[in-house]
Amino acid sequence: MGESAGFSSGYKEYVAGMLAGVATVIVGHPFDTVKVKLQKHNIEANGIKYRSGLHCTIRILKTEGVKGLYSGATSSFVGMAFESSLAFGIYSQTKHVLQGKPESGKPQLLAILPSGAFAGGIISFILCPSELVKCRMQVQGADSILQSSSRYSSPVDCAVKTVKSEGLTGLFRGGGAMFFRESIGNAVFFSTYEYVRYYMHKPLRDASSDLTHVIDVGVGIVSGGLGGIACWSAVLPLDVAKTIIQTSPEKNHTRNPVQILKLIYRRSGIRGCYTGLGPTIVRAFPANASAIVTWELAMKILGIKRD
């Protein structure tokens with residue numbers, strides 16, 4: 001499975017990736033807000049306890065309205081647009097290099113895994129500041145344990161206050177956890193996506209060639225959705241550690257994700273390490289499905305053919 005164009009069409013893959021990122025935020029951000037609130041408040045000793053993701057959602061809607069579900073969405077739109085643009089673009093270009101001449105055969109795992117991991121590692125450095133701002137905006141609200149003096153009026157206000165209190169490096173708090181989350185997550189996501197797409201695509205297309213476009217969308221939904229579920233199932237503990245690190249008000253709070261996970265495990269067991277699993281999985285399928293469908297559609301419109 002490969003693309004018919006090489007580096008000459010590379011910029012188009014970045015454009016398609018950017019559009020995929022926008023689609024991901026539109027569909028997935030409300031679920032992400034619930035996940036972050038659960039990770040922040042249900043783990044910490046003095047936090048507000050939510051019974052479930054649904055309970056958390058209802059609380060947000062009652063106290064803040066629909067707008068509360070999109071807290072931090074501005075930075076998320078910016079971050080995800082750049083992240084997805086680079087993730088899809090770097091992944092595609094690196095895979096071209098590693099697998100050599102594009103072929104329409106079985107996916108090459110030895111090209112897919114390092115390409116996904118490399119793309120994830122690169123975007124983690126760019127995504128970290130916007131992710132920190134997003135998380136800090138999401139955890140505040142009517143149920144937040146944060147003092148009013150620690151609250152932010154906007155993403156820009158959050159970024160400015162963070163730099164003033166912690167320096168420029170404060171925006172990269174949680175960078176280690178972010179690096180491993182993105183590297184492992186993207187490797188798992190693209191591997192799952194490529195293999196599910198390959199095994200679903202050919203027999204379905206052969207069976208009904210007149211419905212090619214409908215089949216492509218259907219395969220994109222399933223392969224993207226399953227890729228998202230596999231990705232987040234693999235990296236959720238790292239995401240939990242990242243959230244704790246990035247939202248802690250203590251400047252000297254440990255930034256070692258392994259230490260954070262050890263503390264969480266002692267306090268809440270393996271369940272604590274997977275806090276927010278419900279909304280994360282519920283979000284993963286539609287958000288990543290929309291990203292893949294948008295990416296593949298944009299690729300077609302831009303003239304890049306995928307076998």
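From the N terminus on, the elements of this chain run α-α-α-α-α-α-α-α-α-α, and the count is 10 helices and 0 strands, where helices (H or I, at least four residues) and strands (E, at least two) are DSSP runs numbered from the N terminus. Please keep in mind that this is a predicted model, in which local features need pLDDT of at least 70 and side-chain atom pairs count only at pLDDT 80 or more, while totals for chains, interfaces and linings use all residues. Residues are numbered from 1 along each chain as its sequence is written, and side-chain values use heavy atoms, with hydrogens and water left out.

Let me turn to the inside. Of the 307 residues of the chain, 53% count as buried, and here buried means under 20% relative accessible area, exposed over 50%, and partly exposed in between, with a 1.4 Å probe and protein chains only. In soluble globular proteins, nonpolar side chains tend to be buried together. The largest nonpolar core has 29 residues, and among those with the most contacts inside it are Phe-88, Phe-190 and Trp-295; such a core is a set of buried Ala, Val, Leu, Ile, Met, Phe, Trp, Tyr and Cys residues joined through side-chain atoms within 4.5 Å. Its largest share, 8 residues, comes from H8. Phe-88 touches Glu-13, Gly-17, Ala-20, Phe-190, Ile-292 and Trp-295, if we leave out residues up to four places away in sequence, with contact meaning heavy atoms within 4.5 Å.

Which residues form one aromatic cluster? They are Phe-88, Tyr-91, Phe-189, Phe-190, Tyr-193 and Trp-295. For aromatic pairs, rings of Phe, Tyr and Trp (its six-membered ring) must have their centres within 6.5 Å, and planes under 30 degrees apart count as stacked, over 60 as edge-to-face and the rest as tilted. The whole structure holds 10 aromatic pairs. In one of them, Tyr-91 and Phe-190 are stacked, at 3.8 Å centre to centre with 10° between the planes, and this pair links Tyr-91 in helix H4 (residues 73–99) with Phe-190 in helix H7 (residues 175–207), 99 residues apart. Tyr-91 counts as buried because its relative accessibility is 1%. The rings of Tyr-193 and Trp-295 have centres 6.3 Å apart and planes at 65°, so that pair is edge-to-face.

Next come the charged side chains. A salt bridge is a side-chain nitrogen of Lys or Arg within 4 Å of a carboxyl oxygen of Asp or Glu, and a search of the whole structure finds 15 of them. Arg-181 forms one with Glu-131, the closest N and O atoms being 3.3 Å apart, and another with Asp-239, at 2.6 Å from N to O. Because Arg-181 lies in helix H7 and Asp-239 in helix H8, the second pair ties together parts that are 58 residues apart in sequence. Are Arg-181 and Asp-239 buried or exposed? Both are buried.

Finally, the surface. Val-78, Phe-82, Phe-125, Ile-126, Phe-179, Phe-180 and Ile-184 form a nonpolar patch with about 670 Å² of accessible area together. Patches are made of residues with over 30% relative accessible area and no salt bridge, like charges being joined within 9 Å and nonpolar side chains (Val, Leu, Ile, Met, Phe, Trp, Tyr) within 5 Å, and the areas come from the Shrake-Rupley method with a 1.4 Å probe, only the protein chains shown counting as cover for residues. The largest share of the patch, 3 residues, comes from H7.
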